[in-house]
Amino acid sequence: MPTATDELSMVFHALADPTRRSMLERLSRGDATVGELGAPFSMSAPAVSQHLRVLEKAKLIERRARAQWRVCSLSHEPLDEAAAWVERNRQAWQTRFDQLDAVLAEADPAQTAPGR
């Protein structure tokens with residue numbers, strides 16, 4: 001299966017990993033060095049850098065040099081775009097779930113009885 005390269009797909013790919021989500025949560029509190037971002041994890045520096053490259057490719061973070069350190073900061077725009085996509089589709093999903101509930105209730109009324 002080919003890897004999707006559109007921006008939204010790259011954002012969701014980056015968010016799919018718990019380590020990267022944790023790094024983004026840390027950056028939501030303010031800028032951090034690469035070392036600070038990697039400190040909570042028992043992984044090598046190259047592994048931390050690989051996670052940061054995925055986040056940077058998805059444009060979720062920006063890296064810059066400050067003296068001898070590489071400092072990362074959060075970029076909100078891709079997250080806002082992903083949230084907007086989810087919100088646009090939420091109503092359609094909710095409608096489908098409501099329709100499924102109705103079909104299931106007709107098929108087995110006991111399953112939707114109050115108190116179940």
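## A walk around the chain

Start with everything selected: in this predicted model, residues 24 or more positions apart make up 51% of the contacts in the chain with a separation of 6 or more. Keep the whole chain in view and color it by secondary structure. You'll find five helices and three strands, and going along the sequence they come in the order α-α-β-α-α-β-β-α. The radius of gyration is 20 Å, well over the 13 Å that the globule rule gives for 116 residues, so the chain is more spread out than a compact globule. Turn the model along its principal axes and the C-alpha atoms fill a box of roughly 65 × 30 × 30 Å.

The chain exposes about 8200 Å², with carbon and sulfur atoms supplying 54% of that. Of the 116 residues, 25% count as buried.

Next, select F12, W85, W93, F97, L100 and L104: together they make a nonpolar surface patch of about 560 Å². Which helix gives the most to this patch? Select residues 76-107 and you have it: helix α5, with five residues in the patch. F97 is a handy one to click on, as its place is in helix α5.

Last stop, the loops. Pick K59, in the loop between α4 (45-57) and β2 (61-66); its phi is near 65°. K59 counts as partly exposed because its relative accessibility is 47%. Then hop to A67, in the loop between β2 and β3 (69-74), where phi is near 55°. At 69% relative accessibility, A67 counts as exposed.

Key. Residues numbered from 1 in each chain as written. Predicted model: local features only at pLDDT ≥ 70, side-chain atom pairs only at ≥ 80, totals over all residues. Heavy atoms only, no water. Patch = residues over 30% accessible without salt bridge, like charges linked within 9 Å, V, L, I, M, F, W, Y side chains within 5 Å. Areas by Shrake-Rupley, 256 points an atom, 1.4 Å probe, with all protein chains shown as cover. Salt bridge = Lys/Arg side-chain N within 4 Å of Asp/Glu carboxyl O. Helix = DSSP H or I, 4+ residues; strand = E, 2+ residues; numbered from the N terminus. Buried < 20%, exposed > 50% of the residue type's maximum accessible area, 1.4 Å probe, protein only. Rg over C-alpha atoms; globule rule 2.2 N^0.38 Å. Contact = heavy atoms within 4.5 Å.
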